[in-house]
Amino acid sequence: MINVMWKKYKLSDIGAIVGGATPSTTVEKYYGGDIPWLTPKDLSSFNDRYITRGERNITEDGLKSCSTQLLPKGSVLFSSRAPIGYVAIANNPIATNQGFKSIIPNKDTNSLFLYYLLKYNKEIIESMGSGTTFKEVSGATMKNIEVLLPPLAEQERIAGILGALDDKIELNNRINRNLEEQVTALFRRWFVDFEFPDAEGNPYCTSGGEMINSPLGEIPKGWTVGKFTEIIEIQGGGTPNTSNSEFWNGNIPFFTPKDAKDKCFVLSTEKQITNKGLNKCNSKLYTKGTVFITARGTVGKVAIAGCDMAMNQSCYALIGKNNIEQYFVYHITKETVILLKGKASGAVFDAITTRDFDSEHIVIPSKNIIAKFNNSVKSLMGLILVNSIENNTLAELRDSFLPKLMNNEIKYKI
């Protein structure tokens, strides 16, 4: 057996703690350059470890205009407010706004190990935040946080174990993104370009398929224009009393906007409720395959339930009427989500209501074409689900290893 000496360090001992800043948003020349510039929002739905860029870039003038600085590749980015605890590794030189306290690791600190170390210590760091409007971890607090750290060789071993699991998860994510792009491209070819297969199997439009006039332009003969709600039923959710412990920490996944991660299927949720909790709220148990859309706060994220789950009141469940298949519901919702988001309103936060859905008009295909589409994509969507299930298992394994490895509880032989 090997006994490795772990020592206590302050974060400032293992790397340089660096904040960020925002160039003036009123100066046009500060934005649109070649320098990646991140905000915590860029990590809100980011699922990988290494990040290349965010929504916006800044220019050299923008970089020089404020106290942000260009962090080198390998820097570990840690969001220090709104919210605390998003973590990623810079895949190239990157600047950030003031919502980060990033760490440039020294030569005796492995970047990937530091990434996992910060994820392990997230709740401790978050508890040290202060502020009235929202909690924030100051630079001074971040520098003085104490952590246990083994020698570099042991860091690399631990990072290798956890990293191998995340390598497979990220590979599956890339495969799933490619598969979903294929399905989306097929959907648009059939239902936007109207190149679905005709009776002879040829593309409808280019083969001279008959078109008719409609309020939304020319559409294939036999198709109609109607309200979104003519073919899709909208159902709501609810939240059990949060102060009643009998309603929580059960085995029923409870979907909220926080669980919408820009992935096709959702299999696990941040919170779970009990059967008692389900019976004491306005949500029902939605079956596997139900399409969810986030409707308040974070608006317009669309996902498919990968298992039976309940849902809170900030989301809607979308279910095809008259046996219209859910893969079509999922993709038609994604196509119209930009219009739905444009209708978002609210004094406190953006929101969409059932009235917004009811006012949305879409092209409604013939049922046989919808059924053919569903059959055409079933195998691809099935592969996405299989990969998602495997990722869920791998993530659970990684998360069970993380505290044991960070507490030096797993011994090994050489």
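Colleague: Hi! In what order do the 3 strands of the open sheet come?
Modeller: Hi! In this predicted model, the order is β17-β15-β20, and the pairing is mixed.

Colleague: Which strands stand at the edges?
Modeller: Those are β17 (271-273) and β20 (310-311). Each has a single partner strand, so one side of each has no neighbour in the sheet.

Colleague: And how do β15 and β20 pair, in the parallel or antiparallel sense?
Modeller: Parallel, over 2 bridges, with β15 covering residues 248-255. For an example you can look up, phenylalanine 254 has alanine 310 in β20 as its bridge partner.

Colleague: Okay, new topic. Where is serine 314 found?
Modeller: Serine 314 sits in the loop between β20 and β21 (315-320).

Colleague: Is serine 314 buried or exposed?
Modeller: Buried! Its relative accessible area is 12%, and buried means under 20%.

Colleague: Which residues does serine 314 touch?
Modeller: Leaving out residues up to four places away in sequence, serine 314 touches Pro257, Thr294, Ala295 and Arg296.

Colleague: How far apart in space are serine 314 and tyrosine 30?
Modeller: They are 36 Å apart, C-alpha to C-alpha, and 284 residues apart in sequence.

Colleague: Let's switch to helices. At what angle do α6 and α11 pack?
Modeller: Helix α6 (residues 152-191) and helix α11 (residues 367-406) pack at about 165°, with their axes 9 Å apart. Angles over 145 degrees count as roughly antiparallel, so α6 and α11 are roughly antiparallel to each other.

Colleague: What kinds of residues make up the contact of α6 with α11?
Modeller: By class, there are 27 nonpolar, 8 polar and 7 charged residues.

Colleague: Is the crossing left-handed or right-handed?
Modeller: α6 passes α11 in a left-handed crossing.

How values were computed: Residues numbered from 1 in each chain as written. Predicted model: local features only at pLDDT ≥ 70, side-chain atom pairs only at ≥ 80, totals over all residues. Heavy atoms only, no water. Pairing = 2+ DSSP bridges. Helix = DSSP H or I, 4+ residues; strand = E, 2+ residues; numbered from the N terminus. Buried < 20%, exposed > 50% of the residue type's maximum accessible area, 1.4 Å probe, protein only. Contact = heavy atoms within 4.5 Å. Axes fitted to C-alpha atoms, helices over the stretch in contact; angles between N-to-C directions. Parallel < 35°, antiparallel > 145°, perpendicular 65-115°, else oblique. Left-handed = near helix turned anticlockwise from the far one by under 90°. Nonpolar A, V, L, I, M, F, W, Y, C, P; charged D, E, K, R; others polar.
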